Amino acid sequence: MAVAALQLGRILCAGSRGLRGFASAVRPAASRGGPRLASRSERPIRRKALPPRTEKMDVDQDWPSVYPVAAPFKPSAVPLPVRMGYPVKKGVPMAKEGNLELLKIPNFLHLTPVAIKRHCEALKDFCTEWPAALDSDEKCEKHFPIEIDTADYVSSGPSVRNPKARVVTLRVKLSSLNLDNHAKKKLIKLVGERYCKTTDVLSITTDRCPLKRQNYDYALYLLTVLYHESWKTEEWEKNKTEADMEEYVWENSSSEKNVLQTLLQIRAADSSGAPSREELLGTKEVEDYQKCVVRLKNEGENEESLAQYKESVKRLLNLECSLN
Amino acid sequence: MAARAACAAVCRRLGQELGSLSVNGSKSSTAQAGGLLLSSVKRAPSSSLHIDVPKDLIKPTITTSDEPDTLYKRLSILVKAHDKAVLDSYEYFAVLAAKELGISIDVHEPPRKMERLTLLKSVHIFKKHRVQYEMRTLYRRFELKHLTGCTANVYLEYIQRNLPEGVAMEVTKTQIQQLPEHIKEPMWEALTKEEDSKS
């Protein structure tokens, strides 16, 4: 009875602890029994394999306690009949016991929906709500015009660092900045390629500093400098020629001179009175012609603008002919 | 009867020596208990193989500060791996986590990239016999919209801590900000006023 109890005790201890110290402590007690045999008692006593834990598992057990963190696949702890591996001819994939394929692949046994929900319940306290007033992109644009793009990289390798992580891109719409006409044109000339005309977005990309924070500060500094410099008017800006202009301006252009010259000649030939230039400029036909020319030059040539130009020229030179 | 008593005694000693929750341990390791007690009583799991998390864990205190939270218009997460199954599982995890935390998420799968090499099979000569290798990189992109800085940090830390081995991630954040004070007005008028007042 006592021996049986001791045996049971030994099995239990060995099975659940598995510590050699414990087994060695128990061993002298066992060898007390029979005569000392060289083969049997000196060899460490072989434990009998216990049934796997899966047999004691319940269907409605708490699975996150079995796999609380990422752990390798333990076939004795996972109660699923998983098979993995390429089968031999007329065979099936290998079973889970001693299967290296199941050990190699990352498993998500610690991230079951129950576990994820529990984690998120605990994490919810650290989250904040997005302000309800900023529900659309336009509102975000209106109140927060500057957009900063940064990147982070996570990978496994000899080094944690990634040199691409220090790049910072600052994007802002010029319509949200306080600029007048001259300042806007000067700013566009200063930045050159960084301005996109179709979307009216200025993007400044910096990566010359070693840290992301420094690059962000530098980008803001560049924006500040550009803004303030564009409001200044330098001496040499007075020498801006027609070739430097961004859009067509009718005043003091060759088209204006030609029109006025032609009209003056016509009026001088027809009647005696030579009207002054200002009077001619003020007439409706000349203004109309001005608008058409500006539209043609700025927007390019298309059906409507050309037709409009034709009409305005006919009206200017009194070439309207009525079709009878 | 006696055996059972002895067994219980051994188990109790075990429990004491382990230093774990001895009362529960002794109850649970008796083979005869089976699964009867499991459903009714919420207690430590049946095996005493791993250390249990103490039940009265002190929750980390939440500190709030006065500085305004950063706002992220968009968070774009690109995940790269060699296995489609791993990416599928990770996508399920990320989407569920985002839904639980109340973040709007969009997933799509950019096309995979294959890098192929052709090398000589033999160490010396045999130019006609080659061997070909390929490296497959599969992608998954998660687009999150309208996050605050705190939420983004929490979500990203959770996602990144549970990133499986052999998977890489790139996160692109688009932060929105107000115009800084020094860009509201050009400074030249203020400068001239100062000069006038000084002179």
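This is a predicted model: local features need pLDDT of at least 70, side-chain atom pairs count only at pLDDT 80 or more; totals for chains, interfaces and linings use all residues.

Visitor: Let's start with the helix. Which residues are buried in helix α5 of chain A?

Guide: The general idea comes first: an α-helix has 3.6 residues a turn, so residues three or four places apart point the same way. In this case, Ala115(A), Ile116(A) and Cys120(A) are the buried ones in α5(A), residues 113-123. They sit on the same side of α5(A), because their arc around the axis is only 130°.

Visitor: What do the buried residues of α5(A) pack against?

Guide: Their partners are α3 (63-66) of chain A, plus α3 (84-101) and α4 (149-161) of chain B.

Visitor: And how do I read a core?

Guide: In soluble globular proteins, nonpolar side chains tend to be buried together. Here the largest nonpolar core has 36 residues, and Ile116(A), Leu75(B), Ile77(B), Tyr90(B), Leu144(B) and Tyr155(B) touch the most other members. α3(B) gives the most to this core, 10 residues. Apart from it there's another core of 21 residues, including Ile146(A) and Leu226(A).

Visitor: What does Leu75(B) touch?

Guide: Leaving out residues up to four places away in sequence, its contacts include Phe142(B), Leu144(B), Ala152(B) and Val171(B).

Visitor: Which residues form the nonpolar patch on the surface?

Guide: Leu117(B), Leu119(B), Tyr133(B) and Met135(B), with about 370 Å² of accessible area together. Strands β3 (113-120) and β4 (130-148) of chain B each give two or more residues to the patch. Met135(B) lies in β4 and counts as partly exposed because its relative accessibility is 40%.

How values were computed: Residues are numbered from 1 along each chain as its sequence is written. Chains are lettered from A and ligands numbered from 1 in the order in which they are written. Side-chain values use heavy atoms; hydrogens and water are left out. Patches are made of residues with over 30% relative accessible area and no salt bridge: like charges are joined within 9 Å, nonpolar side chains (Val, Leu, Ile, Met, Phe, Trp, Tyr) within 5 Å. Accessible areas come from the Shrake-Rupley method with a 1.4 Å probe; for residues, only the protein chains shown count as cover. A salt bridge is a side-chain nitrogen of Lys or Arg within 4 Å of a carboxyl oxygen of Asp or Glu. Helices (H or I, at least four residues) and strands (E, at least two) are DSSP runs, numbered from the N terminus. Buried means under 20% relative accessible area, exposed over 50%, partly exposed in between (1.4 Å probe, protein chains only). The arc is that of the directions from the helix axis to the C-beta atoms. Contact means heavy atoms within 4.5 Å. A nonpolar core is a set of buried Ala, Val, Leu, Ile, Met, Phe, Trp, Tyr and Cys residues joined through side-chain atoms within 4.5 Å.
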